[in-house]
Amino acid sequence: MRNFLGMNKRRKRTQSIDSKVFARIRGKRRGYVFTPSDFLDLGGRWAVYSALARGARAGHIRKIAQGLYDYPRIASDGKPMLPTTEAVVRALVGREATRFQPSGAHAANMLGLSEQVPVRIVFLTDGRGRTVSLGPRKIVLRHVTLRQMATAGSKSGTIIQALRWLGRKNVDDQVIARLRRQLSPRDRKEVLLATRHAPAWIAEYLRAIAREEGA
């Protein structure tokens, strides 16, 4: 009898944690990407991991990488879609409490300086490096020094990385004008401050970008 009662209590606890976890997931829009850490306020680590594993086996959610899950969007043909890069990065930032900085072709694409949509998307981070594969797309987290992350998460940081990717020979008046149009007065101040963290040739362009048109 005691064994039966103990099993019954464990079953109820399992059902309780499952219902709490999946109620929170269903409260989000499809496309939501998350990690077990997002649910540790609902139960112990092992209980949360087990609940997510059961949900993935049942097809309610999808495991997309180690410790990373999503509530997938569904395409018109009924098949689950891959999550967006932004959703994956938001989940990783929340879990690892680190900073990420778009880099390379992805940074240039974000600023409208390139139409190239890279298959290999690189983010600089002061956390651990890793690669998350999403079908043909790879999100690469490249560990760099704290000094290299001085402008992380800011508009100026993305501009610096985009200019670095373009290279000095490919930055012309058109590029400068396009970036300048994207800046608010607050952004201009931020870009000027960022010159101290940029190589000399990029700092030169940052000052030109931050200059008000006609000034």
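Student: Okay, which residues does Q161 touch, skipping those up to four places away in sequence?
Tutor: Leaving out residues up to four places away in sequence, Q161 touches Q101, P102, S103, G104, A107 and L124. Keep in mind that this is a predicted model.

Student: And where does Q161 lie?
Tutor: Q161 lies in helix α5, which runs over residues 155-166.

Student: Buried or exposed, that Q161?
Tutor: Q161 counts as buried, because its relative accessibility is 9% and the cut-off for buried is under 20%.

Student: Switching to pockets. How much space lies in the largest pocket?
Tutor: The largest pocket holds about 310 Å³ of space. It has 13 lining residues, and the closest to its centre are R147, Q148, Q161, R164 and H197.

Student: Let's do helices. Which residues of α6 are buried?
Tutor: In α6, residues 173-180, the buried ones are V175, I176, L179 and R180. They sit on the same side of α6, because they cover an arc of only 130° around the axis.

Student: What's exposed on the other side of α6?
Tutor: D173 and Q174 are exposed there.

Student: And what do the buried residues of α6 pack against?
Tutor: They pack against α5, α7 and α8. In numbering, α7 is 185-194 and α8 is 200-210.

Student: Which residue caps the N-terminal end of α6?
Tutor: D172 does the capping. One of its side-chain oxygens lies 3.1 Å from the backbone nitrogen of Q174.

Student: Now α7. Which residues are buried in that helix?
Tutor: D187, R188, V191 and A194 are buried in α7. Their arc around the axis is only 125°, so they end up on the same side of α7. On the face turned away from that buried side, you get the exposed residues P185, R186 and K189.

Student: What do the buried residues of α7 pack against?
Tutor: The buried residues of α7 pack against α5, α6 and α8.

Student: Last one, D38. Where does D38 lie?
Tutor: D38 lies in the loop between β1 (32-34) and α2 (45-58). D38 counts as partly exposed because its relative accessibility is 28%, and that class falls between 20% and 50%.

Student: What does the side chain of D38 have a polar atom close to, at 2.9 Å?
Tutor: The backbone nitrogen of T35 lies 2.9 Å from a polar atom of the D38 side chain. Not counting residues up to four places away in sequence, D38 touches R24 and Y32.

Note on methods:
Residues are numbered from 1 along each chain as its sequence is written. This is a predicted model: local features need pLDDT of at least 70, side-chain atom pairs count only at pLDDT 80 or more; totals for chains, interfaces and linings use all residues. Side-chain values use heavy atoms; hydrogens and water are left out. On a 1 Å grid over the protein atoms alone, a cavity is a set of points where a 1.4 Å probe fits but cannot get out, and a pocket is an open set with protein on both sides within 12 Å along at least five of seven lines; lining residues have an atom within 4 Å of a point. Grid points are joined across faces, edges and corners, and a volume is the space filled by probe spheres set on the points. Helices (H or I, at least four residues) and strands (E, at least two) are DSSP runs, numbered from the N terminus. Buried means under 20% relative accessible area, exposed over 50%, partly exposed in between (1.4 Å probe, protein chains only). The arc is that of the directions from the helix axis to the C-beta atoms. Contact means heavy atoms within 4.5 Å. A polar contact is a pair of N or O atoms within 3.5 Å; within protein, one must be able to donate a hydrogen and the other to accept it, and residues adjacent in sequence count only if both atoms are side-chain atoms.
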